[in-house]
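The structure comes first and the notes follow.

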Amino acid sequence: MSETSGFWSYVHKDDAAESERISQLARDVVSQFEMISGESISLFLDRDSMEWGEKWRSKIDTTLASVAFFVPILTPRYFLSAECRRELNFFARRASELGIPELIMPIKYIDFPGLTDEVPVDDAITLIRSFQWEDWTETRFCSRTSPEYRQAVARLAERMHRVNSALETNAVVVPALAEPAEDDELGFVDVIAKAEQAFPEWSTTLGELGQAIAEIGEVMATAGAEIEDGVKRGESYSARLAVIEVAAGNLEEPTTRIESLANAYSSQLHNVDDGISLIIKMIPAEIENQTTPSTDIKFFCDSLTSLADAAAEALGHIGTMTEVLEQTEGSTRTIRPVVRRLRKSLTLLLEAKDITQNWVTEIDKLTLP
């Protein structure tokens, strides 16, 4: 394989907490892989780069033929990171479409209950459990110079090499976009109709989410106003704690509702996104071949833009709300459990919000008649 690429998906805060051992592990694995295979690897690691997202998405979407591995580093924070979840979903879907899921090699860096629940409530955890992970929950404490660490790194590199050698030996075809058989090929209108079938349920969930998020905002605003008034009156910390306890109780029901809705919305959106992304890719050919009236294409693009704007409005300022929740989480043990659950659900919605806005970005790149 020439110009081979490796993708390391992790949370920078986790790397900082580990004194950069996670990023160093990536480099150690790559060094071993290069020694075993005799090839060089371009390691996608530094997501601080302004062009990070565009580079890895472009590389994966162009072809997976030169990708050696995608390694997500599994920690509780990984599943709270919108960007990490986006990387995982994007890569996993493309790899599955092309029949090469073996390139996804998760590392279980920290064990936590949600990862091993009998029935996961998080779609991303359900997805990651479909791949075989490497357990580093003990190895992460080993010194880099220890035999245990070096052997574990070598095993991971050897697994990557075996997978890539098997793919090459079996001559697995991995085109950027698989061409459908002529008899099975869907037309532009067919694809639009298929996507439209997925819209109603997704739109209903979106509306319910908007209502639940508004309720959360009202509870937080009311509690904040009461605490502020109490401070002005010189009330004690006990009085503030009482307000927080009431807020925690009021947050319980809408948080439970948002948990369910966020998971449903995320799953529905990924199904809708499959159709939408395909349609957008088909538009240039439809314009060039004049197989679809330009008025229909423009109507579709305008409708999709309006839909994305509506989704952004319904989800509101969830980024700001997440930041506020992070600050609130440490205020008292009383409110911490419900806030953690709520923050996790809002992270799912942040990811979803970016997907719909990406539709608008791709449409803006088109030259419409």
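In this predicted model, the lining of the second largest pocket is made up of 13 nonpolar, eight polar and 13 charged residues. The space in this pocket is about 920 Å³. Its lining has 34 residues, and those closest to the centre are Pro 76, Phe 79, Leu 80, Arg 343 and Lys 344.

**Elements around the second largest pocket**

- Helix H1 (12-17), helix H4 (82-97), helix H8 (237-289), helix H10 (318-329) and H11 are the elements that each give two or more residues to the lining of this pocket.
- The biggest contribution to the lining is that of H11, which gives eight residues.

**Thr 347**

- Helix H11 spans residues 336-364 and includes Thr 347.
- Is Thr 347 buried or exposed? With a relative accessible area of 4%, Thr 347 counts as buried, because the cut-off for that class is under 20%.
- Which backbone oxygen lies 3.0 Å from a polar atom of the Thr 347 side chain? That oxygen belongs to Arg 343.
- The backbone oxygen of Leu 80 lies 3.2 Å from a polar side-chain atom of Thr 347.
- Leaving aside residues up to four places away in sequence, Thr 347 touches Phe 79, Leu 80, Ser 81, Ala 82 and Arg 85.

**Enclosed space**

- How many cavities of 30 Å³ or more are there? The count comes to one.
- The largest cavity holds about 40 Å³ of space.
- Arg 21, Leu 25, Tyr 109, Trp 136, Arg 140 and Tyr 149 form the lining of the largest cavity.
- By class, that lining has four nonpolar and two charged residues, with no polar ones.

**The chain as a whole**

- The protein chain contains 11 helices and five strands.
- Of its 369 residues, 44% count as buried.
- The accessible surface of the chain is about 18800 Å², and carbon and sulfur atoms account for 51% of that area.
- Among contacts with a separation of 6 or more, 82% join residues 24 or more positions apart.

Terms used
Residues numbered from 1 in each chain as written. Predicted model: local features only at pLDDT ≥ 70, side-chain atom pairs only at ≥ 80, totals over all residues. Heavy atoms only, no water. Helix = DSSP H or I, 4+ residues; strand = E, 2+ residues; numbered from the N terminus. Buried < 20%, exposed > 50% of the residue type's maximum accessible area, 1.4 Å probe, protein only. Contact = heavy atoms within 4.5 Å. Areas by Shrake-Rupley, 256 points an atom, 1.4 Å probe, with all protein chains shown as cover. 1 Å grid on protein atoms, 1.4 Å probe; cavity = no way out; pocket = protein on both sides within 12 Å on 5 of 7 lines; lining within 4 Å. Points joined across faces, edges and corners; volume = space filled by probe spheres on them. Nonpolar A, V, L, I, M, F, W, Y, C, P; charged D, E, K, R; others polar. Polar contact = N/O pair within 3.5 Å; in protein donor to acceptor, adjacent residues only side chain to side chain.
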